[in-house]
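Keep the picture open while you read.

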Amino acid sequence: MLRLALDEETVTDVLDFVEARSPQDGIYFWPAVAAAGWSGQRVHAFLTSCVSGPRSDVAEAATSSLAGSYGTYRPF
């Protein structure tokens, strides 16, 4: 995990890209993890929607990010 602190414009671009896809899509996972280091209402709304979304892996990552924790993930 690089724990990059992205600027607001970049975060918006990432979330726009991700949210244009189905919540069933696995692409939601890594932004949900990375969002632990992001701030703002948009990020909070994204994570909140992920928590109540259809994928348990994304919900778990979003819950950790809302708590400010990156968690430990082993994708493979």
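## A charge over a ring

Arg-21 sits over the face of Phe-17, 3.8 Å from the ring centre. To count, NZ of Lys or CZ of Arg must be within 6 Å of the ring centre and within 35 degrees of the ring normal.

A word on the source: this is a predicted model, where local features need pLDDT of at least 70 and side-chain atom pairs pLDDT 80 or more, while totals for chains, interfaces and linings use all residues. Residues are numbered from 1 along each chain as its sequence is written, and side-chain values use heavy atoms, leaving out hydrogens and water.

## Rings in pairs

There are 2 aromatic pairs here (Phe, Tyr or six-membered Trp rings with centres within 6.5 Å; planes under 30 degrees apart are stacked, over 60 edge-to-face, the rest tilted). Tyr-28 and Phe-46 are stacked, 5.9 Å centre to centre with 25° between the planes. Both are buried (under 20% relative accessible area; exposed is over 50%, partly exposed in between, with a 1.4 Å probe and protein chains only).

Phe-29 and Trp-30 pair edge-to-face, because their planes are at 80° with the centres 4.7 Å apart. Phe-29 is buried at 12% relative accessible area, whereas Trp-30 is partly exposed at 37%.
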